[in-house]
Amino acid sequence: MPPRLVASVRLSLLAVLAIALAACAAFSPRDPLNVQVAGVEPLPGEGLELRMAVKLRVQNPNDMALEYNGVALDLEVNGRRLASGVSDASGSVPRFGETVLRVPVTISAFSAARQALGLAEHIGLDEVPYVLRGKLAGGLFGTQRFVERGTLDLEGALPNPYRR
């Protein structure tokens, strides 16, 4: 084999090895993000829609900072989709740190009507389950998905003529 061909084969193998190591680092196991709703603020809506800014507290329990460039959210209440939103915000969640993100979400009139009908089916229900799904976009291998589940306590929030 000519020496020039051997050198180019070695260089190619070295490049493949470097790419493989970078891919392993990108796929290294990370602890899931901790995401909680920190607040909700009203925004101006249009027509029959309701708009809100959802503040999310994102905690990163990992030893590497998380760079993000975009956020997406979906909110289900009582098994039905209620709201969704996206933001092109970019930034970083520091290693073993936290940050608060602000994401505008929209509730359509039809989603609100479905929720009202769904709650009417469950008169007397004191707790309503919710699921918040989302992702922090971070490029090809850096996207972090999250899911927050819980219940909304409606006891005392809405008058119920059937409660004693």
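Helices here are DSSP runs of H or I with at least four residues, strands are runs of E with at least two, and both are numbered from the N terminus. This is a predicted model, in which local features need pLDDT of at least 70, side-chain atom pairs count only at pLDDT 80 or more, and totals for chains, interfaces and linings use all residues. Residues are numbered from 1 along each chain as its sequence is written, and side-chain values use heavy atoms, with hydrogens and water left out.

**Stop 1: the whole chain**

Show the cartoon. The protein has three helices and seven strands. Trace the elements from the N terminus and they read α-β-β-β-β-β-α-β-α-β.

Next, colour by burial. Buried means under 20% relative accessible area, exposed means over 50%, and partly exposed lies in between (1.4 Å probe, protein chains only). Of the 164 residues, 24% count as buried. The protein exposes about 11000 Å², an area from the Shrake-Rupley method with a 1.4 Å probe. Carbon and sulfur atoms supply 60% of that surface.

Among contacts with a separation of 6 or more, 62% are between residues 24 or more positions apart.

**Stop 2: the largest pocket**

Select Val37, Val40, Leu75, Tyr130 and Leu132. Of the 16 residues that line the largest pocket, these lie nearest its centre. A pocket is found on a 1 Å grid over the protein atoms alone: it is an open set of points where a 1.4 Å probe fits, with protein on both sides within 12 Å along at least five of seven lines, and lining residues have an atom within 4 Å of a point. About 290 Å³ of space lies inside. That volume is the space filled by probe spheres set on the points, which are joined across faces, edges and corners.

Which elements give two or more residues to the lining? Select β1 (34–43), β2 (50–60), β3 (66–77), β4 (80–93), β6 (127–136) and β7 (144–153). β3 gives the largest share, four residues. By class, the lining has 13 nonpolar, one polar and two charged residues. Nonpolar covers Ala, Val, Leu, Ile, Met, Phe, Trp, Tyr, Cys and Pro; charged covers Asp, Glu, Lys and Arg; the others, Gly among them, are polar.

**Stop 3: the salt bridges**

A salt bridge puts a side-chain nitrogen of Lys or Arg within 4 Å of a carboxyl oxygen of Asp or Glu. How many does this rule give? The count is five.

Select arginine 57 and glutamate 98. Their side chains meet at 2.9 Å, N to O. Arginine 57 lies in β2 and glutamate 98 in β5 (residues 97–107), so the pair ties together parts 41 residues apart in sequence. Arginine 57 is partly exposed at 30%, and glutamate 98 is partly exposed at 39%.

Move to aspartate 74 and arginine 81. Their closest N and O atoms are 3.0 Å apart. Aspartate 74 is partly exposed at 35%; arginine 81 is partly exposed at 47%.

Then pick glutamate 76 and arginine 133, a salt bridge at 3.2 Å, N to O. This pair links β3 to β6, 57 residues apart. Glutamate 76 is partly exposed at 28%, as is arginine 133 at 34%.

**Stop 4: glutamine 144**

Finish in β7, at glutamine 144. Is its side buried or exposed? Glutamine 144 is buried, with a relative accessible area of 13%. Leaving aside neighbours within four places in sequence, glutamine 144 is in contact with Arg30, Leu33, Leu66, Gly134, Lys135 and Leu136.

Note on methods:
Contact means heavy atoms within 4.5 Å.
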